[in-house]
Amino acid sequence: MRATQSELKFAWLEVTGLCNEFCDHCYADSSPKGTHGTMTLTDWANVIDQLACMGTLDVQFIGGEPTLYPHLPELIRHARSAGLSVEVFSNMSHIRDELWETFTDCGVKLAMSYYSDNDADHDAVTKLRGSHKRTRENVKKALGLGIPLRAGVVAVREGQRVQEAVSDLSGLGVGTIGGDHMRAFGRASKGAAPTIGDLCGHCAHEKCAIGPTGDVWPCVLGRFLAIGNVMESPLSEIWGGERMAGVLADITAVHGEGAQACAPPQFLPMCGPCGPCVPSVGHCDPKEAGSAATIGTPA
């Protein structure tokens with residue numbers, strides 16, 4: 001049996017589980033002890049070719065921290081040569097010269113998370129001393145090079161300078177700033193098992209994620225719902241296949257048809273069903289927006 005098959009327009013490519021930061025809220029449980037997994041450069045290039053053949057439009061390289069993956073420049077250039085639009089989601093604290101050249105040559109877009117305008121506050125979240133200073137410097141460099149950059153301010157700590165973080169980014173020239181709250185996945189779950197109810201409900205709707213061991217997930221947060229592995233089956237067979245049909249049935253049983261929550265804006269370069277989140281909205285769930293504090297740009 002095959003699932004109702006929508007087009008696969010977007011894919012997260014999680015090329016590494018290695019990260020130079022150790023945030024408590026990391027949904028991927030990435031850390032300095034992470035690895036690049038078992039997928040080789042050839043394996044990733046093959047996945048990119050499959051995505052292009054399936055009509056995918058956009059890929060986002062994620063991690064871990066994707067800029068720590070040694071073959072990221074090659075994969076970016078391969079994706080662009082295959083006709084795919086590329087975004088890199090980075091903490092912006094470790095970008096070597098070769099990557100800046102690749103970003104500008106290939107028309108790459110950047111996305112990032114940010115936590116505070118204050119060094120100590122930001123570094124307390126990342127657990128990497130000096131991360132705020134380096135991130136901020138690289139934000140200015142990206143904007144100076146004309147690289148499109150969007151940011152998400154994630155509220156993770158009591159008393160966090162969220163509004164000030166938005167103001168800081170806006171002052172630097174970042175034009176698109178979204179907001180989100182901590183989600184109970186990875187380290188943020190504090191050991192609790194992940195549940196479908198914690199997802200937004202749009203999993204596998206025109207999107208999927210592929211991890212560093214080849215596992216295919218309906219989204220980056222739904223990694224406990226593997227629908228296949230690209231090391232074992234072609235992506236065209238996984239997408240719409242029997243395992244995907246079962247996962248979609250489980251998601252629908254919890255969220256119903258046509259889920260109303262939007263995907264967290266810091267994860268996607270597009271957000272459905274209500275379009276890209278603007279800074280004045282600042283909350284990704286329409287069902288809760290009326291009662292939740294919002295994150296917005298200064299008046």
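**Close-up views of a predicted chain**

**View 1. Helix α6 and its buried residues.** In helix α6, which spans residues 162-172, the buried residues are Val 162, Ala 165, Val 166, Asp 168, Leu 169 and Leu 172. Because these buried residues fall within an arc of 160° when seen down the axis of α6, they line one face of the helix. The arc is taken from the directions that lead from the helix axis to the C-beta atoms. Buried denotes under 20% relative accessible area, exposed over 50%, and partly exposed in between, with a 1.4 Å probe and protein chains only. Gly 173 follows α6 and has a positive phi, near 110°. This is a predicted model, in which local features need pLDDT of at least 70 and side-chain atom pairs count only at pLDDT 80 or more, whereas totals for chains, interfaces and linings use all residues. Residues are numbered from 1 along each chain as its sequence is written, and side-chain values use heavy atoms, with hydrogens and water left out.

**View 2. The chain as a whole.** The chain contains eight helices and nine strands. These are DSSP runs numbered from the N terminus: helices are H or I of at least four residues, and strands are E of at least two. Of the 299 residues, 53% count as buried. The accessible surface amounts to about 12600 Å², and carbon and sulfur atoms hold 52% of that surface. Such areas come from the Shrake-Rupley method with a 1.4 Å probe; for residues, only the protein chains shown count as cover.

**View 3. Glu 14 in strand β1.** Glu 14 belongs to strand β1 (residues 10-14) and counts as buried at 4% relative accessibility. The side chain of Glu 14 forms a polar contact with the side chain of Arg 223 (2.7 Å). A polar contact is a pair of N or O atoms within 3.5 Å; within protein, one must be able to donate a hydrogen and the other to accept it, and residues adjacent in sequence count only if both atoms are side-chain atoms. Beyond its neighbours within four places in sequence, Glu 14 is in contact (heavy atoms within 4.5 Å) with residues including Ala 28, Trp 44, Ile 62 and Trp 217.

View 4. The peptide bond from Gly 63 to Gly 64 is cis, with omega near 20°, and Gly 64 is placed in the loop between β2 (58-62) and α2 (72-81). Met 92, although not a glycine, has a positive phi of about 65°. Met 92 is in the loop between β3 (85-90) and α3 (97-106) and is buried at 0% relative accessibility. Lys 127 is likewise not a glycine and has a positive phi of about 55°. Lys 127 lies in the loop between α4 and α5 (131-144) and is partly exposed, with a relative accessible area of 43%.

**View 5. Cysteines.** The structure has zero disulfides, a disulfide being a pair of cysteine sulfur atoms within 2.5 Å. The sulfur of Cys 219 is 3.8 Å from the closest cysteine sulfur, that of Cys 203, which is too far for a bond. Cys 219 is buried at 9% relative accessible area, whereas Cys 53 is exposed at 73%.

**View 6. Residues 263-299.** Across residues 263-299 the pLDDT stays under 50. The pLDDT is the predictor's confidence in each residue, from 0 to 100. Where pLDDT is low, the predicted coordinates should not be read in detail. The chain averages a pLDDT of 84, and 82% of the residues score at least 70.
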